[in-house]
Structures are given as C-alpha cells and as structure tokens.
Amino acid sequence: MAVTASVGKTILVTGASRGIGYQIARRFAGERDDYDTVLLLARPSEAFTAAAAGLAEGARAGVRVQAYPVDLADADELRAAVDAIHAEHPRIDTLVNNAGYANPVALQQIDFADFQHTVNVNVYAPFLLVQHLLHRGNTFELIVNVASTAGINGRAGWLTYSASKAAMITMSQVMREELALYGTRVVCVSPGRCATDLRRTLAPDEDPETIMRPADVAAVVDMLASGVGRFVDSANLVVRQ
Amino acid sequence: MYSLVLLNGGVGARLDAGRPKQLVTVGGLPILVYSLVAADAVQEITQIVLNYPPGWRDQVEEIVRSYAITTPVVYLEAGPTRHESVALGLARCSNERVIIHESARPLVTSADFHRLIEDPRPNVALMLPIPFTVAPVDPQTSRVTGSLDRSRLRNVQLPQKYALADLRAAHQWAAARDLVYTEDATLVVDAGHEVYFVAGSDRNLKVTTRTDVRLASFLLQGGDDGRDGFSG
C-alpha cells in the first residue's frame, strides 16, 4: 500500500539559526517555488528565535516556516522532537543535516566529554534523525549531510572535529547505498574554509569578505535539490574556494 | 485488491548453514527487505501473508517494523515444503486475487507487480526463455532419452498472480492425489486451469548460492548501470 504525496515539498534543516543552515533555510523559504514548508531545528537560543522570525518574514507567500528548538546532543530530546515533527509533517522530502559543533584543541587537552559532545552533535544526531524518521515511514527524496574538508584530511588541533566529520562522510556513503532502495539521493557536502561565526572566532584577523560565504554553500545545496542535482550527487562534494 | 503470499520460509543450506536464507544480507540488507519494500509501494497489494521459518518470527517481525512496512502483514509459520507453505498462506488471504512471490528474489520491482496486476487474465506468471539446451535423460542409466524444443519451454519465475479460487482448487486437487509441486504455475495448469506467461527479466534471479548473493548485491548496488561511461 502506497501513501499519496502532498503538493509542496518539505525541507528540514538542522543548525538553522546561523551560518550555512540559516542560508539554506533562507533560500528554500524565499526563492524556491517547489517547497512550501521549511522546518528549522537548532539549539534553543535568542539567535534561533530571531532567525526563525526573520526567515518567516522573508518567506514567499504560502511558505510555512516552523522552528523546533532542540538540543541535538540529547538523543532522547531529539527523538521526541522528531516525533512531534512527524506528527505534524508526515513527509519530509529533503533533510539537511547541517548542525555541527567544533572545539579545536590539541590532543592532550581534549576533554573526553567535549569529544563525546562533538560526536553526539556531528554524528549521532544526523544518524538518529534519519533512522527515527525512516522508522516512522518517512523515506526521503534527498538527504544532504554537511561534513567538512576537515573530515578528509586531519590537521593538528582538530582531532575531535576531523574524526566526527570523517564519520559523517563515510556514514553518507553507507546511507547512499542503503537508501537507494527507496530512490533516496544522499549527498555529502564538504565545505572548506567558510565565513561562519565559528571561523570568525578561530581566525579573528581574517577578512570574511575574502573567503567563501555560507550563502555560497547554500547555493550548492540549492543546486543539489534541483533537477541537475542528480548528476553531481554520487561523491563527497568538496565546496572550497 | 490483492493479497501477496511472500514465501520466506526456506532455510538456506547452500548459503549459510543454520541461518534462514531470508536473513542473509544482500547488498548489506536482509534479503527479505527488498521484496517487502517493492510490494509496500504497490497500492493494489493490501495484505501481505508472510511466512517465517519455525523459530524465526521475532527476527522477521523486527524487519517489517524497522522498515516501516505499512501494508498489513499476517505472519504464518512456514510449512514443511514450499508447496505446503503456499497452501497454508492461501487459507489466510483476504482478497480474491493473490500474488505469490519469494524473498529469495530480491531484484523484484514494484513494476513487476504492476505488470501482473494490469494483465487482464486472472492467472499469469513471469517466465523467461531458456537460453541453453536441455536434454531429457534417464538418471538411473545415464542415458539421454530424446530431445526437447527449448522454444516451447520457459524458465518459471516469481512473482505470479492467480484467482484465489483457482489456486485453492489446484492445491485441493493436488492434496487429493498426494502430489507435491515445486511451483504453482504448472500445478494450476495440471489441475485444469489456464495460466499465461509474460516475459520476465534475467535480473530477477533467485538467490540460492553464495555466488548468487554476490551477483545480486552487484546488481542491487547499480554495478551494471553503466554510469561510469564505459558503455558509451
């Protein structure tokens, strides 16, 4: 027995309060005419509240923007949030696993709990989102997992983040093979240096105008969700200046 | 509407001693998943009668649950033979039309089910031409006894569809004569009903040996889709 689909598509973006996630949500709410529901998932914060309000304001007529504040590091909280989302939106067509956490410190200084938190947010949360929705019968048209070039090559000082993003890259490969069963496309995007808030903290002297912006990565995700996206989705897609 | 009898009770002695073959993984997934998902996407299939090898119900139910199969499933312990498993499954069908399939053919597609459903004839099986020569023999004496015209023979595949009344009557006919068949198209014909065939695909292979598992995995993962440009 197959279930019939609704008219406009639904996208769920994690880590949507700022940076790449925010820009992706902005693009899908404001510029595309095939999506009518944009769901945002991020840690509860003033920035998230403001971002959701701004996105709703800038959305095209008829587009619904809905925010779900949730701590992605908390598996139980995330499951409960997914249940709430699924009850209201039984079909999520596109999922963008963008939320990420990084606290780059040297090996000897890594706090194990911080490493666990990194893995919780960067690996377990995207996995749980996908698995929990699949268990509820939500097969996807497209899943975009945002990894990082730091997951391809390690660099001193970035152990926890690099390890988690390497996991994201290979997890995406497995998802791509297993979810081909439903015709789901799974794309892994690995941005390089990008003018995010985190980057500003890590490299305060860098002029953000000179490097790739979150909106550029959002444009790539937009392309992946368009008709030509299927021609470039078979590998870990490096997005770098 | 159709009931699907999904045969899933065989123990794969040639594949993995002690483990039922429907729990063997093909392309990384339990082989049963492919048929379940293909059938679940077919609107006309409103019931799945799924059998399981004795002692393996929990594992089979867990697969159905994990893959969020929405079509109602009736679980049924497999009979001692394939023939009996079908007969037991028929007793649980709630629709007047039935499709028979087996989980050992993971390359089945929703389109295969649709082709059978759209065919106006009541009893239809997927079948393939035989690309090699077969000879009738006497196995006792090792003597070749004649010849067969392969253009008049077909490789019998699944899925197949039947009017439930015809298939039930055929099984009753066989039971009355103590006959056991290894598949249903020839049984239904021997019992006096008409059965037609439509061309199947050689991709829809039956996974029986370890080599079959590797071949099916290769096909399921798109290894033959020519995406890499070697096919021009």
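In this predicted model, the axes of α4(A) and α5(A) approach within 9 Å and cross at roughly 15°. Because angles under 35 degrees count as roughly parallel, α4(A) is roughly parallel to α5(A). The crossing in which α4(A) passes α5(A) is right-handed. On the α4(A) side, the residues that meet α5(A) are A:Asp114, A:Phe115, A:Thr118, A:Val119, A:Asn122, A:Val123, A:Pro126, A:Phe127 and A:Val130. Their counterparts in α5(A) are A:Thr160, A:Tyr161, A:Ser164, A:Lys165, A:Ala167, A:Met168, A:Met171 and A:Met175. Sorted by class, this contact of α4(A) with α5(A) holds 11 nonpolar, 4 polar and 2 charged residues.

Helix α4 of chain A, which spans residues 112-135, also packs with helix α3 of chain A, residues 75-88, the two axes coming within 10 Å and crossing at roughly 40°. Here too the handedness is given by the model, with α3(A) passing α4(A) in a right-handed crossing. From α3(A), the residues A:Ala75, A:Leu78, A:Arg79, A:Val82 and A:His86 take part, and they meet A:Tyr124, A:Ala125, A:Leu128, A:Leu129, A:His132 and A:Leu133 of α4(A). The residues of this contact divide into 8 nonpolar, 2 polar and 1 charged.

| Helix pair | Axes come within | Crossing angle |
|---|---|---|
| α4(A) and α5(A) | 9 Å | roughly 15° |
| α3(A) and α4(A) | 10 Å | roughly 40° |

The contact between the chains draws 10 residues from chain A and 15 residues from chain B. On the side of chain A that touches chain B, α4 and α5 (159-179) of chain A each supply at least two residues. By class, that side of chain A has 5 nonpolar, 2 polar and 3 charged residues.

In chain B, the residue B:Asn204 sits in the loop that runs between β11 (196-199) and α7 (210-220). B:Asn204 counts as partly exposed because 19 C-beta neighbours lie inside 10 Å, whereas a buried residue needs 20 or more. When neighbours within four places in sequence are left aside, B:Asn204 is in contact with B:Arg105, B:Leu107, B:Val108, B:Asp112, B:Leu126 and B:Gln157. B:Asn204 and B:Ile100, which stand 104 residues apart in sequence, are 14 Å apart in space, taken from C-alpha to C-alpha.

How values were computed. Residues numbered from 1 in each chain as written. Chains lettered and ligands numbered in written order. Predicted model: local features only at pLDDT ≥ 70, side-chain atom pairs only at ≥ 80, totals over all residues. Axes fitted to C-alpha atoms, helices over the stretch in contact; angles between N-to-C directions. Helix = DSSP H or I, 4+ residues; strand = E, 2+ residues; numbered from the N terminus. Left-handed = near helix turned anticlockwise from the far one by under 90°. Contact = placed C-beta atoms within 7 Å. Nonpolar A, V, L, I, M, F, W, Y, C, P; charged D, E, K, R; others polar. Parallel < 35°, antiparallel > 145°, perpendicular 65-115°, else oblique. Buried ≥ 20, exposed ≤ 12 C-beta atoms within 10 Å, placed from the backbone.
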